[in-house]
Amino acid sequence: MATGGWGPGNGPGQPGGNGPGGQGGWGAPYGPPQGGPYGPPPPNPGTYPYPNPNPNQPPYPYVPQPARPAARRRRGCLSFGSPFGLVGAILRSAHRVATRLFAQEGDGRIEDRTVDRVQSARTMLGAAATIALILAYNVDPNRWEDAAYGGAAQLLVAPFVLIIAAPLVIIGFIYYAPPHLRPHLRSRLRAPLKAVGWYVLTLVAMGGILVPTALTVNADDGKSWWEYVLAVASLIVIVWGFPFFFMASLYSARSAFNSAQVHPMLPPVLTMTLVWVFAAFSLIGDGMPAGPPVVQFCSTLGGPLSVTAVSLWELRRMRTRFGVTLRV
């Protein structure tokens, strides 16, 4: 007689009973079958607690097959053993140190993508206008070399101009601030002064290594141990120091020696000062460019006026959109 699976089974060893072990069923109500193809279950069956949803795979306990070891990635020409990989590692190291020292704009820095895009567009338009003026009115065969050297010279001279002119601008900026805000602004001058100190220290270290090497080391006579030390130090300066100095000059001119840590409005003010100083130096040194009077005016004052307009618009955007003000 059928018992619905809870009574004694139809015969010995058949399922369907719930009696004690050996009496018509599995033994204990939840006990495993005796024997079986996989033997007793493992002591910790927590890895696969649910039934196998895929009938094509072996039932529980399923032992996963060992995975194939991942193939080693080939570095190719960018490995440290290749010249390109070594140059890339040197440039990354110099860039990392330069950004850590000269591109720290503080916690209160305002990130405005619209201003960044407008500044990039102004730079590209200025470069295109310069190229067009050179092609149209400059007949000097060395005009491209002169333009390249002039741009590089401005990049390297910009930090020195900031070191000279920025203190006067910062003093006027703090004096223009309300009296109750001046002590706070003066207390935040540590970051720009620290950046200026690192820049001057870089120049002193590079000059202190390269100048004695050029004056004392001679490849013809026998070298002493200190000449070898100077030669190795000079090699380090040339290989790592020159890229670091170039990047430090670029970031120092762009961030105005981390002056945003004093006040977010200070970098645009310093940028306007810097561009007009360069315009005055260019006018005194090179004079008016070739071409009609309108072209001369645009070539001489187009850059400073456009930079000033963008900086004033940035200051207004800080005040209206982000609520940053100097005087209430």
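I begin with the largest nonpolar core, which has 18 residues; those that touch the most other members are Phe102, Tyr199 and Leu274. Please bear in mind throughout that this is a predicted model. Which elements give two or more residues to this core? They are helix 1, helix 3 (143-176), helix 5 (190-216), helix 6 and helix 7. Helix 6 provides the largest share, with six residues. For a view of one member, select Leu274: leaving out residues up to four places away in sequence, Leu274 touches Ala158, Val161 and Leu162.

Another core lies apart from the largest one and has 17 residues, including Ile174, Leu185, Ala256 and Leu315. As general background, nonpolar side chains tend to be buried together in soluble globular proteins.

The chain has eight helices and zero strands, and its pattern along the sequence reads α-α-α-α-α-α-α-α. Of the 328 residues in the chain, 26% are buried. If we take the contacts between residues at least 6 apart in sequence, 67% of them join residues at least 24 apart.

Next, please select Ser252, which lies in helix 6. Is Ser252 buried or exposed? Its relative accessibility is 0%, so Ser252 counts as buried, the cut-off being under 20%. Setting aside neighbours within four places in sequence, Ser252 is in contact with Phe102, Pro159, Leu162, Tyr199 and Phe257. Two of these contacts, Phe102 and Tyr199, have already been named among the residues that touch the most other members of the largest core. Ser252 may also be compared in position with Thr99: the two are 153 residues apart along the chain, and their C-alpha atoms are separated by 9.5 Å.

From there I move to Asn258, in the loop between helix 6 (225-255) and helix 7 (266-286). Asn258 counts as buried because its relative accessibility is 3%.

How many salt bridges does the structure hold? There is one. It joins the side chains of Asp112 and Arg317, with an N to O distance of 2.3 Å. This pair links distant parts of the chain, 205 residues apart: Asp112 is in the loop between helix 1 (83-102) and helix 2 (113-137), while Arg317 belongs to helix 8 (residues 293-321). Both partners are buried: Asp112 has a relative accessible area of 10%, and Arg317 has one of 16%. In general terms, side chains of opposite charge can pair when their charged atoms come close.

The chain exposes about 22,500 Å², and 65% of that is supplied by carbon and sulfur atoms. A nonpolar patch on the surface is formed by Leu235, Ile238, Val239 and Phe242, which together have about 350 Å² of accessible area. One of these residues, Leu235, lies in helix 6. Leu235 counts as exposed, because its relative accessibility is 52% and the cut-off is over 50%.

Thank you for your attention.

How values were computed
Residues are numbered from 1 along each chain as its sequence is written. This is a predicted model: local features need pLDDT of at least 70, side-chain atom pairs count only at pLDDT 80 or more; totals for chains, interfaces and linings use all residues. Side-chain values use heavy atoms; hydrogens and water are left out. Helices (H or I, at least four residues) and strands (E, at least two) are DSSP runs, numbered from the N terminus. Buried means under 20% relative accessible area, exposed over 50%, partly exposed in between (1.4 Å probe, protein chains only). Contact means heavy atoms within 4.5 Å. Accessible areas come from the Shrake-Rupley method with a 1.4 Å probe; for residues, only the protein chains shown count as cover. A salt bridge is a side-chain nitrogen of Lys or Arg within 4 Å of a carboxyl oxygen of Asp or Glu. Patches are made of residues with over 30% relative accessible area and no salt bridge: like charges are joined within 9 Å, nonpolar side chains (Val, Leu, Ile, Met, Phe, Trp, Tyr) within 5 Å. A nonpolar core is a set of buried Ala, Val, Leu, Ile, Met, Phe, Trp, Tyr and Cys residues joined through side-chain atoms within 4.5 Å.
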